[in-house]
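Thanks, everyone, for making time this morning.

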Amino acid sequence: MTLSRGLLLVVALVASACATAATIRLPEGPWAPDPLAAEAFESASAGCRGVRTLTAEVAVRGKAGGGRVRGRILAGFERGGALRLEAPAPFGAPIFILVSRANRATLWLPRDRRVLRDAPVASVLEAITGLSRSSDDVLALVSGCLSSAIAPAGQGEHGPGGWMAIDLAGGIRAFLARDGAGWRIAAGHRGTGTGAASWSVSYAAFSSGFPGSITISQEPAYGAPATALTFQVSQLETNVPIDGRAFDVVVPADAQPLTREELRQSGPLADRGSRP
């Protein structure tokens with residue numbers, strides 16, 4: 001099925017093959033308690049918390065899985081675990097098509113005629129990008145909300161330069177910056193104390209309340225290599241209807257099975273033409 005532009009998130013590499021994600025520098029203290037931080041966070045997150053569908057064009061550069069990542073992906077997200085990612089080749093059949101409903105994914109490699117069926121979407125995304133995220137988490141990340149579960153879990157603080165910070169559920173700390181008379185989520189961090197991988201996210205180049213640039217880095221965990229990716233977002237649209245058929249894929253009966261480990265080793269978005 002061919003997807004219309006209004007149904008797609010396009011991901012394309014626009015930097016040199018040797019580029020990596022920029023270092024994320026979160027604001028430093030001293031910090032002091034501020035009872036207005038919770039209200040500032042509610043204001044800053046209102047837009048991204050209201051996103052149910054998202055389409056955009058995104059340029060990507062960085063490293064994942066121990067190598068450089070390069071590719072162009074067509075995708076659409078709908079809250080509730082629905083996702084479609086399609087990586088077109090310069091010509092011919094797509095490199096891969098990944099669809100999910102309720103975070104259960106099917107990955108179809110038409111050029112290899114291989115398929116990975118009924119896998120957790122987070123594990124498939126980890127094999128491709130190095131980031132283990134649910135469909136809703138990716139939707140939230142791109143729309144500027146850091147994660148799909150961002151309920152405040154403590155009193156906020158203010159710091160130098162007009163910054164505010166607040167601790168959220170799941171061990172996430174959000175950093176807020178002024179956006180005119182209001183606030184925006186400018187960065188976030190999850191530390192190692194959560195028992196999960198430590199990561200940092202920064203947002204920049206805001207337009208109509210949504211970030212135009214997203215940088216995410218994740219520390220090595222459980223033997224997995226570090227990940228560092230930057231996304232440049234354009235033509236972002238939110239809450240537009242998406243045809244439910246977008247989250248299905250037709251796989252030929254003669255397709256051969258693919259395992260997650262084989263997918264991780266093959267790296268369908270690996271930039272094999274890059275030089276260090």
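Arg114 and Glu262 form a salt bridge in this predicted model, and their closest N and O atoms come to 2.9 Å from each other. Arg114 belongs to strand β9, residues 114-120, while Glu262 sits in helix α4, residues 260-266, so this pair ties together parts that lie 148 residues apart in sequence. As for accessibility, Arg114 is partly exposed, with a relative accessible area of 24%, and Glu262 also counts as partly exposed, at 31%.

The search over the whole structure returns 11 salt bridges, and I will mention a few others. Arg49 pairs with Glu42, with 3.2 Å between the closest N and O atoms; Arg49 is partly exposed at 36% relative accessible area, and Glu42 is partly exposed at 38%. Arg173 forms a salt bridge with Asp167, where the closest N and O atoms are 2.9 Å apart, and Asp167 is partly exposed at 33%. There is also a network of salt bridges that links Glu126, Glu261 and Arg264.

Let me turn to the covalent link. How many disulfides does the structure hold? There is one, formed by Cys48 and Cys145, with their sulfur atoms 2.0 Å apart. Cys48 lies in helix α1, residues 37-49, and Cys145 in the loop between α3 (135-143) and β10 (157-158), so the pair ties together parts that are 97 residues apart in sequence. The torsion about the S-S bond is about 70°, and the disulfide is therefore right-handed. Both Cys48 and Cys145 are buried.

Key. Residues are numbered from 1 along each chain as its sequence is written. This is a predicted model: local features need pLDDT of at least 70, side-chain atom pairs count only at pLDDT 80 or more; totals for chains, interfaces and linings use all residues. Side-chain values use heavy atoms; hydrogens and water are left out. A disulfide is a pair of cysteine sulfur atoms within 2.5 Å. Helices (H or I, at least four residues) and strands (E, at least two) are DSSP runs, numbered from the N terminus. Buried means under 20% relative accessible area, exposed over 50%, partly exposed in between (1.4 Å probe, protein chains only). A salt bridge is a side-chain nitrogen of Lys or Arg within 4 Å of a carboxyl oxygen of Asp or Glu.
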